[in-house]
Amino acid sequence: MLDLLNDLLWSKVLIVVLIGLGLLFTISSRFVQLRYFGRMFRILSANQAFSRDKHGHLSSFQALMLSVAGRVGGGNIAGVAVAITLGGPGAVFWMWVVGLIGMATSFFECTLAQAYKRAEPDGTYRGGPAYYITRGMGAKWAWLAGLYSALLLVTFGFGFNALQSYSVATSLEDAFGIPVLASGIGLAAVLAAIVVGGVRRIAVVAEVLVPVMAIGYLAIALAVVALNLEALPAVFVLIVKSAFGLEPAIGGGIGAAIMMGVKRGLFSNEAGLGSAPNVAAVAYVPHPASQGVVQAFSVFIDTLVLCSCTAFIVLLGSVYQPGVTSEVGGVALTQASLAGHVGEWGRVFVSVALMLFGFTTVIYNYYLGENSLAFFSERNPLLIALYRVVAIGLCGWGATTDLGTAFAFADVTMGALALVNLFALAMLFKRGLRLMRDFDEQIAAGVDEPVFDVTKFADLNIDPQAWTLEEEDAQRAAHARLRTA
């Protein structure tokens, strides 16, 4: 039954809805993900030098690293290899297409999360789909926000947290022979030390770990490309021809290429699931669309950079042969391919990369669960403490248990999570466009860094306490009003 539901959700319903809405967002926004691609780097360069502002709010860079920590995981290493094995090299092309479309979806969901964030008594922010459903769609939809939060807690806070710890523990056992029980205890202890400090400490850890693991994996992929530079044009031709069924002997033809590329792309970058908006909302930015632009870049990093790293490692190697049934698949194919390029230490490198990707996803999943609880209870210390104990315990227990059935169940709840969020995005799309146009108008008027004037959006039921701008940004807001007027 779980397999049937997963097939229905992920192979039929969600592929149509996610791509359909993604194309609507892309065309209606005049390809916002391409128009502001250069600005992604400018926004980050303005925030990257400072870990947080004077009030302790997270910066755009920290929010980006935290969202990348969640998006980047086993799907980037094992998932891509599976897509190539079952769908042929053409799956990579459709994965790129989904990534580009998903950037627009992520822009709108994260822009709305920023606009509808809530100011907390401790100086932090809370936000995400549950918050833009309640404030944006009205009190009559509070039940839908509650359903979303419950699904988020079950899927990420509990299910995927245990599953990721299993992934990390098995990677350590494969690479270094460390028993999974020891890994589970160690992982639970490290997670406890991190989460007790709340989202700020989680963000600080992600700010350090994510660039190290992403740059390290990118570096080894670039080394592989450099070693096989003469073969690179042929690989690109193979990917494109296979994507359109021009290589009939490869995989299952164009249908399998599209199916596997789309499915792996959606699983990997999470655009439209509503998970990243929970993180996007916690940053201090002068305009909601600024964080939308940054989070669109997060999808680019995940799908078009890191997933492509795995694709080139596999396709430039000799282990995978197009049109020939491979005896190895998943992470084993990536390991064997990298070992063929750089030697046997490549297997250990992939295991370590998978471990780091999995660990950062664990702390990200923990935060999503905590954020969902905060929606139900106004920062109840006892409830948060109980959740931490359960999450840490699941992390240790999950490392020693193969949770195949739990994984299938979590996939179903994640599909339901996506449908709730996509419905909300469709309902709030006009508001998202209005926020984007305000951003566009300020840039057209010559404002270098647009600022959000909450008084212009009084009809949107936005929390004004969450938009108390820093003195410098408030001055720029006044200047922006004059320029646009």
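Leaving aside its neighbours within four places in sequence, Ser275 is in contact (heavy atoms within 4.5 Å) with Tyr148, Phe156, Glu270, Tyr364 and Leu368. Before going further, please keep in mind that this is a predicted model, in which local features need pLDDT of at least 70 and side-chain atom pairs count only at pLDDT 80 or more, while totals for chains, interfaces and linings use all residues. Residues are numbered from 1 along each chain as its sequence is written, and side-chain values use heavy atoms, with hydrogens and water left out.

Ser275 belongs to helix H13, which covers residues 275–280; helices (H or I, at least four residues) and strands (E, at least two) are DSSP runs, numbered from the N terminus. Is Ser275 buried or exposed? Ser275 counts as buried because its relative accessibility is 0%. The word buried stands for under 20% relative accessible area, exposed for over 50%, and partly exposed for anything in between, using a 1.4 Å probe and protein chains only. The side chain of Ser275 also makes a polar contact of 3.4 Å with the side chain of Tyr364. Such a contact is a pair of N or O atoms within 3.5 Å; within protein, one must be able to donate a hydrogen and the other to accept it, and residues adjacent in sequence count only if both atoms are side-chain atoms.

Tyr148 counts as buried because its relative accessibility is 1%. Not counting residues up to four places away in sequence, Tyr148 touches Pro129, Ala130, Leu273, Gly274, Ser275, Asn278, Leu417, Val420 and Asn421.

Now zoom out to the whole chain. The protein chain has 20 helices and two strands, and buried residues make up 59% of its 485 residues. Among contacts with a separation of 6 or more, 83% are between residues 24 or more positions apart.

Next comes the nonpolar interior. A nonpolar core is a set of buried Ala, Val, Leu, Ile, Met, Phe, Trp, Tyr and Cys residues joined through side-chain atoms within 4.5 Å. The largest one here has 152 residues, and those with the most contacts inside it are Tyr132, Ile133, Tyr217 and Ile462. Helix H14 (residues 288–315) gives the largest share of this core, 16 residues. Ile462 touches Ala115, Tyr116, Arg135, Phe452, Val454, Phe457 and Trp467, not counting residues up to four places away in sequence.

With a salt bridge defined as a side-chain nitrogen of Lys or Arg within 4 Å of a carboxyl oxygen of Asp or Glu, the count comes to seven. Glu370 and Arg388 form one of them, at 3.7 Å from N to O. This pair links distant parts of the chain, 18 residues apart, with Glu370 in helix H16 (residues 345–376) and Arg388 in helix H17 (residues 381–398). Glu370 counts as buried at 2% relative accessibility, and Arg388 counts as buried at 17%.

Another salt bridge joins the side chains of Arg434 and Asp459, at 2.9 Å from N to O. Arg434 lies in helix H19 (residues 429–444) and Asp459 in the loop between H19 and helix H20 (471–484), so the pair ties together parts that are 25 residues apart in sequence. Arg434 is partly exposed, with a relative accessible area of 30%, whereas Asp459 counts as exposed at 52% relative accessibility. Glu344 and Arg347 also form a salt bridge, their closest N and O atoms being 2.7 Å apart. Elsewhere, Arg30, Arg35 and Asp440 are linked in a network of salt bridges.
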